[in-house]
Amino acid sequence: MIETAPGPWPELRTSRLRLRFWEARDAAPFAAQNADEETMRFLGGPMTRAQSDAYIIGTREQWSRDGFGKWVVELAETGEFVGALGLQRMRFDADFTPAVEIAWRMTRSFWGLGYATEAARAAVAFGFETLKLDEILALTVPQNLASRAVMERLGMRLSREFDHPLLPHPHPLCRHVLYRLGQG
Ligand SMILES: CC(C)(COP(=O)(O)OP(=O)(O)OC[C@H]1O[C@@H](n2cnc3c(N)ncnc32)[C@H](O)[C@@H]1OP(=O)(O)O)[C@@H](O)C(=O)NCCC(=O)NCCS
């Protein structure tokens, strides 16, 4: 059994946002976000409350195991829950692994405000400057244009398409695009 949350874990600040470790009060807004069909369109469909809670436990375990993971993103001014974003080790074997990816999932009412890109820039800087990573990758399905736009705003380069090894093949979401960002 992995011990969770021995912290303190690093927090990041941007002009509008705080990236912080998970707390009990995040479970309800995160479950609401994960129950939204549009938000989960490219992520395997809506989650139940139990699945969302299990995802938080998995995220806390990532921090304990690796020393990094996905943060809660909240509005710095009000503390309102905006989403989840951070760095994680790839969970499968491929010719580009072992590797660290950046991942994001924002609450729909906060889309279109630049929050994902703002938080992601802070996470990328943390990855290169604090974790001393050589490279950060990102994955999504080709049709997730909003997510690809964030990758491109970060300066990530499209590397290629591949079939996700953790999804059955054929599967509507099995085809993925791989983006890469090197230091400097
Ligand atoms: C992917 C996702 C995080 C992108 O969110 P987003 O809000 O579109 O991305 P950004 O934070 O970069 O916001 C960019 C938009 O904010 C606008 N914007 C408004 N104010 C801004 C500001 N102050 N600074 C920067 N951009 C601003 C930009 O013009 C851009 O608008 P556009 O989409 O019309 O071009 C979001 O769509 C999401 O959570 N999707 C569901 C989950 C998902 O698919 N996750 C990815 C799995 S791989």
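Buried residues account for 50% of the 184 residues in the protein, where buried means under 20% relative accessible area, exposed means over 50% and partly exposed lies in between, with a 1.4 Å probe and protein chains only. The model is predicted, so that local features need pLDDT of at least 70 and side-chain atom pairs count only at pLDDT 80 or more, while totals for chains, interfaces and linings use all residues. Residues are numbered from 1 along each chain as its sequence is written, and side-chain values use heavy atoms, with hydrogens and water left out.

The secondary structure consists of four helices and eight strands, taken as DSSP runs numbered from the N terminus (helices: H or I, at least four residues; strands: E, at least two). In sequence order the pattern is β-β-α-α-β-β-β-α-β-α-β-β. The radius of gyration of the protein is 16 Å, close to the 16 Å given by the globule rule for 184 residues, so the protein is as compact as a globular protein of that length. This radius is taken over C-alpha atoms, and the rule is 2.2 Å times the number of residues to the power 0.38. The C-alpha trace spans about 40 × 40 × 40 Å along its principal axes. Of the contacts in the protein with a separation of 6 or more, 61% are between residues 24 or more positions apart; contact means heavy atoms within 4.5 Å. The accessible surface of the protein is about 9400 Å², and 52% of it belongs to carbon and sulfur atoms. Accessible areas come from the Shrake-Rupley method with a 1.4 Å probe, and for residues only the protein chains shown count as cover.

The ligand is surrounded by 20 residues, the closest being Met106, Gly112, Ala116, Thr117 and Arg153; a residue is near a molecule or strand if one of its heavy atoms lies within 4 Å of it. By type, the shell around the ligand divides into ten nonpolar, seven polar and three charged residues. Here Ala, Val, Leu, Ile, Met, Phe, Trp, Tyr, Cys and Pro count as nonpolar, Asp, Glu, Lys and Arg as charged, and the others, Gly among them, as polar. Strand S5 (100-106), helix H3 (115-130), strand S6 (135-140) and helix H4 (145-153) each supply at least two residues of the shell, and the largest share, four residues, comes from H4. Oxygen atoms of the ligand lie 2.7 Å from a polar backbone atom of Ala116, 3.0 Å from a polar backbone atom of Gly114 and 3.2 Å from a polar side-chain atom of Trp111. Taken alone the ligand exposes 950 Å², of which the protein buries 66%.

Asn34 is buried, at a relative accessible area of 0%. Apart from neighbours within four places in sequence, Asn34 is in contact with Met40, Pro46, Met47, Ser52 and Arg105. Asn34 and Thr107 are 73 residues apart in sequence, with their C-alpha atoms 8.5 Å apart in space. Gln33, also found in helix H1, is buried with a relative accessible area of 3%. With neighbours within four places again left aside, the contacts of Gln33 include Phe81, Val82, Gly83, Arg105, Met106 and Thr107.

Thr140 lies in strand S6 and counts as buried at 7% relative accessibility. The side chain of Thr140 makes a polar contact with the side chain of Asn144 (3.3 Å). A polar contact is a pair of N or O atoms within 3.5 Å; within protein, one must be able to donate a hydrogen and the other to accept it, and residues adjacent in sequence count only if both atoms are side-chain atoms. Beyond four places in sequence, Thr140 is in contact with Ser147, Arg148, Met151, Arg175, His176 and Val177.

Glu80 is found in the loop between strand S3 (70-75) and strand S4 (81-89) and is partly exposed, at 42% relative accessibility.

Most residues other than glycine have a negative phi, and most peptide bonds are trans. A cis peptide bond joins Thr97 and Pro98, with omega about -5 degrees, and Pro98 is in the loop between S4 and S5. The bond from His169 to Pro170 is also cis, with omega near 5 degrees. Lys132, which is not a glycine, has a positive phi of about 60 degrees; Lys132 is found in the loop between H3 and S6 and counts as exposed at 61% relative accessibility.
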